[in-house]
Amino acid sequence: MKKNIVVLPGDGIGPEIVDGALTILDKTAAKYGHKFYYDMIEVGGCSIDKYGVPITSENMEKCRNADSVLLGAVGGPKWDTVDPLLRPEKALLAIRRELGLFANLRPTRLFTQLGGASPLKDSITSAGIDLVIVRELTGGIYFGEHKTCEVPEKTATDIMTYSEHEIERIGRVAFEAAMKRRKKLTSVDKANVLDTSKLWREIMHRLAAEYPEVEYSDLYVDNAAMQLIRDPGRFDVIVTENMFGDILSDEASMLTGSIGMMPSASLSGGTCGMYEPIHGSAPDIAGKDIANPLGTILSAAMMLKYSFGLDEEAQAIETAVDQVLSDGFRTADIVSDDTIQVGCREMCRRVTEAL
Ligand code: NAD
């Protein structure tokens, strides 16, 4: 298989972690007889420095034409004071919009070797944590009208809107994801209060009838926030709207021990997606060769699975990561007394070797 991947290393630790992920993709390609072509482009702060904008229209066109997009991270203190319309993160919002990336998938898996790094008690983590949050990414309150009136007193309003087709398409992504996993889906809403949630629930129930093999349930968002801490092992796939997903996925990320471990995928109805670790550009550790590259490596594995249908190759990368952790190698963010600390480059080398 031949694929064109647009690569956006970005700022801070972005170039270090992406560099490592590309070595692992190359090894995977060599092992399974594929060829991945990389088009490296600037995005975020480095693009502002070079072109005055977070992404140029020419580079956006390259993303549109790619088979898939791999991102490191953007931003940093150097660009905190630029015009808000030109901030580095604007590039990511623009790519999501241009590529129609309406579904964000965040797998939350606690590698058994990292049990001690999770803030939860052993009695909870021993049951295992392996869930995926499917978050709607382009609708809801973040994309509704925002306004502030001055009279008769200062009043602010944010409008949350969801239409049937927006709910149905994210619902289908979630049901399909559940079918590929343990066939359990929890839909999170606030249907006791919000009309958008009532519609959400109605459409999810309609879809549930189409997927009789999936064990479906509803949960109010406040209860879901509690259950993620009390009993995360009960979840397989969670589907929810934009703002609830934003909050719950950050909560879930803490369960895995380090933000550096978590991959993500943003998908459209087609095969092109954008894959990135969930963390930012970590300017405090950039250039020190201590960043954890595993979230980016696992994002590359997600790309193989969700965009290219290369399930076996994706599994091979996950197994290699698992192997390196079992061998006791850790970056600084996940190191413990009885393990061996390695840098970002060394961690990537070990994963490549384990493939
Ligand atoms: P951050 O995720 O960059 O860092 C938070 C903390 O986690 C830091 O202490 C950092 O050192 C640590 N960390 C992050 N990734 C790590 C890794 N792979 N290995 C080890 N430690 C890691 O969040 P922040 O400090 O709030 O933001 C820094 C910059 O990143 C800001 O400019 C922010 O706007 C931007 N940002 C970008 C994205 C993105 O590109 N998708 C996402 C979030 C934040």
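Start your tour by selecting α1 and α10: α1 passes α10 in a right-handed crossing. A crossing counts as right-handed if the near helix is turned clockwise from the far one by less than a right angle, and as left-handed if anticlockwise. The names come from DSSP runs numbered from the N terminus, where helices are H or I with at least four residues and strands are E with at least two.

Before you click on, a word about what is on your screen. This is a predicted model, where local features need pLDDT of at least 70, side-chain atom pairs count only at pLDDT 80 or more, and totals for chains, interfaces and linings use all residues. Residues are numbered from 1 along each chain as its sequence is written, and side-chain values use heavy atoms, with hydrogens and water left out.

**Stop 1: α1 with α10**

Two packed helices are described by the angle between their axes and the distance between the axes. Here, α10 covers residues 294-306, and the two axes come within 8 Å and cross at roughly 45 degrees. (Axes are lines fitted to C-alpha atoms, for helices over the stretch in contact, and angles run from 0 to 180 degrees between N-to-C directions.) That makes α1 oblique to α10. For the labels, under 35 degrees is roughly parallel, over 145 roughly antiparallel, 65 to 115 roughly perpendicular, and the rest oblique.

Now show the side chains. On α1, pick Ile17, Val18, Ala21, Ile24, Leu25 and Thr28; on α10, pick Thr296, Ile297, Ala300, Met303 and Leu304. These make the contact, meaning heavy atoms within 4.5 Å. Sorted by class, this contact of α1 with α10 has nine nonpolar residues, two polar and no charged ones. (Ala, Val, Leu, Ile, Met, Phe, Trp, Tyr, Cys and Pro count as nonpolar, Asp, Glu, Lys and Arg as charged, and the others, Gly among them, as polar.)

**Stop 2**

**Stop 3**

**Stop 4: the ligand**

Which residues are closest to the ligand? Of the 20 that surround it, they are Val74, Glu89, Gly280, Ala282 and Asn292; a residue is near if one of its heavy atoms lies within 4 Å. Zoom in on Glu89: an N or O atom in its side chain is 2.5 Å from an oxygen atom of the ligand. In the side chain of Asp284, an N or O atom is 2.9 Å from a ligand oxygen. Asn292 uses a polar backbone atom, 2.9 Å from a ligand nitrogen.

**Stop 5**

Most residues other than glycine have a negative phi, and most peptide bonds are trans. Select Val151 and Pro152: the peptide bond from Val151 to Pro152 is cis, with omega near -5 degrees. Pro152 lies in the loop between β6 (146-149) and β7 (155-158). Finish at Lys183, in the loop between α6 (164-179) and β8 (184-189). Lys183 is not a glycine, yet has a positive phi of about 60 degrees.

Technical notes: Polar contact = N/O pair within 3.5 Å; in protein donor to acceptor, adjacent residues only side chain to side chain.
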